[in-house]
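This briefing is intended for a reader who has the sequence and the model at hand. Please keep both in view while working through the points below.

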Amino acid sequence: MATTEDDVPMQNPPEIPEATNEPKYGGFTRFEIELEFVQSLANPMYLNHLASQKYLQNPQFVAYLAYLQYWSRPPYLKYLSFPGPTLRHLELLQQERFRQDILSPDLVGRLMEEGMRAAVDWHKEA
């Protein structure tokens, strides 16, 4: 794969914005862009969209999903608005079988039901 001078190496997670003068891409830091993307993984319909567009078959995209696992560790974890479904789906996306099965409307529906049930149960406990 050819790289350009605008490519950002993905070996290490971005630094947290308060601690750095990280460059901006379209007005946002790499931290902000990756945070928004990883949080979008909480949405089963978005996962289905990624699969239908064949992103989940692209080895480079799958490697990026593996790289994003750093969000499951401190200090990054505290920035997630919905850590439960976000991290669960990120973990499931590491499995080839799940990346294929998420094309199924039945699986998308089950994940949406689980998410709604978890939200209702959480409010009952609170």
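In this predicted model, helix H2 spans residues 44-52, and its buried residues are Pro44, Leu47, Leu50 and Ala51. These residues lie on the same side of H2, because they cover an arc of only 115 degrees around the axis. In an α-helix there are 3.6 residues a turn, so residues three or four places apart point the same way.

**The ends of helix H2**

- The N-terminal end of H2 is capped by asparagine 43, which has a side-chain oxygen 2.8 Å from the backbone nitrogen of methionine 45.
- Just after H2, lysine 54 adopts a positive phi of about 70 degrees.

**The chain as a whole**

- The chain contains six helices and two strands.
- Read from the N terminus, the order of the elements is β-β-α-α-α-α-α-α.
- Of the 126 residues in the chain, 30% are buried.
- The accessible surface of the chain is about 8,400 Å², and carbon and sulfur atoms account for 55% of this surface.
- Among contacts in the chain with a separation of 6 or more, 60% are between residues 24 or more positions apart.

**The nonpolar core**

- The largest nonpolar core consists of 27 residues.
- Within this core, the residues with the most contacts are Leu41, Leu56, Leu65, Leu68, Trp71, Phe98 and Ile102.
- Two or more residues of this core come from each of H1, H2, helix H3 (59-67), H4 and H6.
- H1 supplies the largest share of this core, namely four residues.
- Leucine 68 touches Glu34, Phe37, Val38 and Leu90, when residues up to four places away in sequence are not counted.

**Histidine 89**

- Histidine 89 is located in helix H4, which comprises residues 83-92.
- Is histidine 89 buried or exposed? Its relative accessible area is 4%, and histidine 89 therefore counts as buried, the limit for this class being under 20%.
- Leaving aside residues up to four places away in sequence, histidine 89 touches Leu41, Ala42, Asn43, Pro44, Leu47 and Leu111.

- Glutamate 34 and arginine 30 are separated by about one helical turn, because they are four residues apart in helix H1 (residues 30-40).
- Both partners are buried: glutamate 34 has a relative accessible area of 2%, and arginine 30 has one of 12%.
- The side chain of arginine 30 also forms a polar contact of 2.4 Å with the side chain of tyrosine 67.
- Arginine 30 and proline 13 are 17 residues apart in sequence, and their C-alpha atoms are 9.1 Å apart in space.

- Another salt bridge joins the side chains of glutamate 114 and arginine 88, at 3.0 Å from N to O.
- This pair links distant parts of the chain, since glutamate 114 lies in helix H6 (residues 105-125) and arginine 88 in helix H4, 26 residues apart.
- Glutamate 114 is partly exposed, with a relative accessibility of 33%.
- Arginine 88 is likewise partly exposed, with a relative accessibility of 40%.

- Arginine 97 and aspartate 101 are both in helix H5 (residues 96-101), where they stand four residues apart, about one turn of the helix.
- Arginine 97 has a relative accessible area of 58% and therefore counts as exposed, a class that begins over 50%.
- Aspartate 101 is partly exposed, with a relative accessible area of 29%.

Key: Residues are numbered from 1 along each chain as its sequence is written. This is a predicted model: local features need pLDDT of at least 70, side-chain atom pairs count only at pLDDT 80 or more; totals for chains, interfaces and linings use all residues. Side-chain values use heavy atoms; hydrogens and water are left out. Buried means under 20% relative accessible area, exposed over 50%, partly exposed in between (1.4 Å probe, protein chains only). Contact means heavy atoms within 4.5 Å. A salt bridge is a side-chain nitrogen of Lys or Arg within 4 Å of a carboxyl oxygen of Asp or Glu. Accessible areas come from the Shrake-Rupley method with a 1.4 Å probe; for residues, only the protein chains shown count as cover. A polar contact is a pair of N or O atoms within 3.5 Å; within protein, one must be able to donate a hydrogen and the other to accept it, and residues adjacent in sequence count only if both atoms are side-chain atoms. The arc is that of the directions from the helix axis to the C-beta atoms. A nonpolar core is a set of buried Ala, Val, Leu, Ile, Met, Phe, Trp, Tyr and Cys residues joined through side-chain atoms within 4.5 Å.
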